[in-house]
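Here is a walk through a few packing and pairing details. Have the chain open in your viewer as you read.

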Amino acid sequence: MPWKIGAFGTPYGAFVMALFAGGASFSAICSEHGISRPTGYKWLRRFVEEGLEGLREHSRRPHRFGQATGSARRRAVEKLQQEHPTWGSRKIVAVLGRLRPRTEWPHPRTIERWEPKTKPRARRIPIPAQRPSRGRVRRCHDVWTMDFKGWFRTADGARCEPLTVRDAHSCYLLCVRHVSAESEAEVRRVLTALFRREGLPRIIRVDNGAPFGGTGALGLTRLSVWWLQLGIAVEYSRPAHPEDNGAHEQMHRVLKAETANPPQASLKAQNRRLDQWRREYNAVRPHERWRQQTPAQHYRRSLRDYPAQLLAWRYPSSQTTRRVSQGGWIGWRGRRRLIGRAFGGHTIALVKRHHYHLVKLGKHILGELHPHDASGLRPLRYPSNPSQR
């Protein structure tokens, strides 16, 4: 039960007065006041050492903590946080453990308690259950993801338009480079150098915007037809569904936070910053996918080299062939038929099916040609069976 306030204005004053008054043994006085002998000796020792202040309740907070973080380790954590303000606590601990493996660093949750977040974490939007089929990513260069980050202006007012290419398996960032325009020629120039340095992927995943996708047959453009000639399959995300390429979009968020806020003084300085950030992203920044290891530890160059000559479309002798003009037209049955500007300069095959012909580019079926159509290529969304039309 609780002590009552007695002599000396403290709960234990009556116990101490009874000890000094004498007339009874120590055990009897402790029993009279309802405490054990060790407790009685403790309060007697406190009164002898500290006087009346020793009879007041002391804080039970420990004087020292066995797992307390030393000031030197905390300064190392804070320094790395200043250098990389967008990194989370797990990345901070992973990098410090890599630099000084023999030092015992604090737990990531301890670091989060040092500097609590002022903004609540945004609720993650669930991804729809039905998604388009995806190429399986089992090894490096199975799938490359590619996109434009979105333009911004440097400090001198110049427009910076970064093109980014990333290996989906290793998370290795292959290219972050400013291009003068979002055009087929500029992207092709950058990718040619990249293909020669890193080799060819199996699939390239892009959105439907120019110059990657178009409104023609199969959504192909001159750029994506060039990829098909190189033996690279093209995989388009669904329109207005950036989550189909969510890992690439997340990388863009980090790129913007660490290279464009604030931007550099000029385009030349911005390109140097992008190159530096790409090296840091690949070889320094830990990744959750690889349990805080870096993408460079899991990346290997592609075994498919860039060919000296583009693939030539080959067709059986039984199939009729036509060469598409640069404007996208062919001549068929005494009339000009529009196939698409994306296929200009390429040879296509016409495969007879009942009263219409299938139009093929290599093994890819582009659409149908009907004799009574005045325009040209009919998309594949129409039923192939004439009775269903």
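In the hairpin of β12 and β13, G362 takes a positive phi near 65°, and two residues lie between the strands. This is a predicted model, where local features need pLDDT of at least 70, side-chain atom pairs count only at pLDDT 80 or more, and totals for chains, interfaces and linings use all residues. Residues are numbered from 1 along each chain as its sequence is written, and side-chain values use heavy atoms, with hydrogens and water left out.

A word on names: helices (H or I, at least four residues) and strands (E, at least two) are DSSP runs, numbered from the N terminus. Strands of a sheet pair through backbone hydrogen bonds, either parallel or antiparallel. Two strands count as paired if DSSP finds at least two bridges between them.

β12 and β13 pair in the antiparallel sense over five bridges, and H357 stands opposite L369 in β13. On the β11 side, strand β11 (residues 347-353) pairs with strand β12 (residues 356-361), again antiparallel and over five bridges. There, K352 has H357 of β12 as its bridge partner.

Zoom out, and you have an open sheet of four strands in the order β8-β11-β12-β13, with antiparallel pairing. β8 (320-323) and β13 (364-369) stand at the edges with a single partner strand each, so one side of each has no neighbour in the sheet. On average, neighbouring strands of this sheet are turned by 30° against each other, direction ignored.

Now for the helices. Two packed helices are described by the angle between their axes and the distance between the axes. Axes are lines fitted to C-alpha atoms, for helices over the stretch in contact, and angles run from 0 to 180 degrees between N-to-C directions.

| Helix pair | Angle | Axis distance |
|---|---|---|
| α7 (residues 184-198) and α8 (residues 222-229) | about 25° | 10 Å |
| α1 (residues 13-21) and α3 (residues 37-50) | about 85° | 10 Å |

α7 and α8 are therefore roughly parallel (under 35 degrees). Their contact (heavy atoms within 4.5 Å) is made by E184, V187, R188, L191, T192 and F195 of α7 and R222, L223, W226 and W227 of α8. These residues divide into six nonpolar, one polar and three charged. Here Ala, Val, Leu, Ile, Met, Phe, Trp, Tyr, Cys and Pro count as nonpolar, Asp, Glu, Lys and Arg as charged, and the others, Gly among them, as polar.

α1 and α3 are therefore roughly perpendicular (65 to 115 degrees). F15, V16, L19 and F20 in α1 meet G40, W43, L44 and F47 in α3. That contact has seven nonpolar residues, one polar and no charged.

Definitions and conventions:
Parallel < 35°, antiparallel > 145°, perpendicular 65-115°, else oblique.
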